[in-house]
Each structure stands twice: as C-alpha cells, then as structure tokens.
Amino acid sequence: MTFRDVFKSSFLEEAADFAVLDFIIAMGIAFALGLFILWVYKKTYNGVMYSSGFGLSLMAMAMITTLVILAVTSNVVLSLGMVGALSIVRFRTAIKEPMDIAFLFWAIAVGIVLGAGMIPLAVFGSVFVGMVLWVFVNRKTTDQPYIMILNCTDGEAEGQALEQVRKYVKKQVLKSKTVSKNGIEMTLEVRLKGDDSEFVNQIAALPGVESAVLVSYNGDYMA
C-alpha cells in the first residue's frame, strides 16, 4: 500500500492543484492592506485607551479571512464544511467603541474580496474607506460637548454658578443633581461658545462654589 492509497479521496490531487503564487500574492496584499487598516485605526482612534492588541487583530483578521476564502473558493465541498465549522465559533469580547465594529467589518471584507480574487476592488475600496474615515472622524466640530461638575455649599451658590454658566455656554442640560448635608453636586452637559475655558476659573472662584470641573464628553455618560 502506497501513501496515495491511504487517501481514497482526491486529497493529493487537490494539494497538487494548489497555486503557491496565488497564495503568496493574496496574502502579501492582505498583509499590506491590514497594515493600512491598522494605520487608519491608529490615526482615527478617539477612545479613552488605545488597545494595540485590537489593532493587530485587525491586520490578522484580514489575512486569516483571505486564507479561509482562498480555501473555500478552491473546493465547493470544502466551502460547505467550512460554513458548518465556522458556525460554532463564538466571540465573547465586548466591543466598547462603535467605530471598532466598522474596522472589524472592514478587515473581514478585505479578506473576502481578496480571497475571491478581486484585488483592485480590495485595494481601491480600502483606500476610499480609509479616506472617508480620515476626513469624517478627524473632523473638528465647533459644537463639542463637555460635562461640567459643580459642587456648591447651598442653593444661593448654586444659582450664582448656573447664572455664570449660562453666560459662557451656548447650551446646558442638567444631567444629575445630588443634594446632601455636605452640599449640592450638579452634573451638566454644556456646549461652549469657543475654545476658551477661563470661565471655569471664574465659576470656581464664586462664594460657596467648592469646585468646578470641565471634562470632555464622548457620549458614554452614565447617570
């Protein structure tokens, strides 16, 4: 019995038909586009803490997806088995930033398109998506929201502080108010008229105002 007799299926024939050059080209382009996705992710990241592991996973996702699609497109029977095998995969890691989902789909889409052999579509599509993200994510807005936290000793100090806030902001929304024996704490969402934050010092210097804090607001407010 020879080694070929061990495999009664067409395993060896399929291995012989494997195009090494196609594999090298597809994986090389997937690596380059993965690096491009990683670079765009770094430049457009606006979260609290950047995760280098997630960034590297984007590059790996593009290459792994390309490898899977190359195998699927070469054999119809394998594609059916691959669907069943991948259906048992479950991801438990929570996605904290909404934009991370877009980058994950981008990396997967690049792998699928490259594995299908549509290299120009993958390259020009990635460049277009990268430019759109670069323009819109890094676009500076003049209506940047902020959270202001005021600690006042009594109601009179609260009124004076709110009056000063109204003078220097375009819009204010009360998010929470805590009243205790030690004083009053208010959390406000404010929209500044400009980039000047000097008014925070003036509010903190008011009689009865113990502290005034202004922080950037990324939309993840929890009352």
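Trainee: Is Glu 158 buried or exposed?
Mentor: The model is a predicted one, and the values discussed here are computed from it. A residue counts as buried when its relative accessible area is under 20%. Glu 158 has a relative accessibility of 11%, so it counts as buried.

Trainee: With which residue does Glu 158 form a salt bridge?
Mentor: Side chains of opposite charge can pair when their charged atoms come close. For Glu 158, the closest N and O atoms of the salt bridge are 2.9 Å apart, and the partner is Lys 177.

Trainee: How many residues apart in sequence are the parts that Glu 158 and Lys 177 tie together?
Mentor: Glu 158 forms a salt bridge with Lys 177. Glu 158 belongs to helix α8 (residues 155-168), whereas Lys 177 belongs to strand β2 (residues 169-180). The pair therefore ties together parts whose separation in sequence is 19 residues.

Trainee: Is Lys 175 buried, partly exposed or exposed?
Mentor: Buried means under 20% relative accessible area and exposed means over 50%, with partly exposed in between. The relative accessible area of Lys 175 is 30%, so Lys 175 is partly exposed.

Trainee: Why is strand β1 said to be largely enclosed by the rest of the structure?
Mentor: Strand β1 covers residues 145-152. The reason lies in the count of buried residues, because β1 has 8 residues and the number of them that are buried is 6.

Trainee: What is the bridge partner of Tyr 146 in strand β4?
Mentor: Strand β1 is joined to strand β3 (residues 183-192) by 8 bridges, and the two run antiparallel. Strand β1 is also joined to strand β4 (residues 209-216), by 7 bridges and again antiparallel. Tyr 146 has Val 190 as its bridge partner in β3. In β4, the bridge partner of Tyr 146 is Ser 216.

Trainee: With which side chain does the side chain of Asn 151 make a polar contact?
Mentor: Asn 151 is found in strand β1. Its relative accessible area is 19%, so Asn 151 is buried. Beyond its neighbours within four places in sequence, Asn 151 is in contact with several residues, including Ile 184, Glu 185 and Gly 208. The polar contact, at 2.8 Å, is with the side chain of Ser 211.

Trainee: What is the relative accessibility of Thr 66?
Mentor: Thr 66 is found in helix α4 (residues 52-74). Not counting residues up to four places away in sequence, Thr 66 touches Ala 26, Met 27, Ala 30, Val 110, Gly 111, Leu 114 and Gly 115. Thr 66 counts as buried because its relative accessibility is 0%.

Trainee: Which helix gives the largest share of the nonpolar patch?
Mentor: The nonpolar patch on the surface is formed by Trp 39, Phe 128, Val 129, Val 132, Trp 134, Val 135 and Phe 136, with about 690 Å² of accessible area together. One of these residues, Val 135, counts as partly exposed because its relative accessibility is 49%. The largest share, 6 residues, comes from residues 119-137, which form helix α7.

Terms used. Residues are numbered from 1 along each chain as its sequence is written. This is a predicted model: local features need pLDDT of at least 70, side-chain atom pairs count only at pLDDT 80 or more; totals for chains, interfaces and linings use all residues. Side-chain values use heavy atoms; hydrogens and water are left out. Helices (H or I, at least four residues) and strands (E, at least two) are DSSP runs, numbered from the N terminus. Buried means under 20% relative accessible area, exposed over 50%, partly exposed in between (1.4 Å probe, protein chains only). A polar contact is a pair of N or O atoms within 3.5 Å; within protein, one must be able to donate a hydrogen and the other to accept it, and residues adjacent in sequence count only if both atoms are side-chain atoms. Contact means heavy atoms within 4.5 Å. Patches are made of residues with over 30% relative accessible area and no salt bridge: like charges are joined within 9 Å, nonpolar side chains (Val, Leu, Ile, Met, Phe, Trp, Tyr) within 5 Å. Accessible areas come from the Shrake-Rupley method with a 1.4 Å probe; for residues, only the protein chains shown count as cover. A salt bridge is a side-chain nitrogen of Lys or Arg within 4 Å of a carboxyl oxygen of Asp or Glu. Two strands pair if DSSP finds at least two bridges between them.
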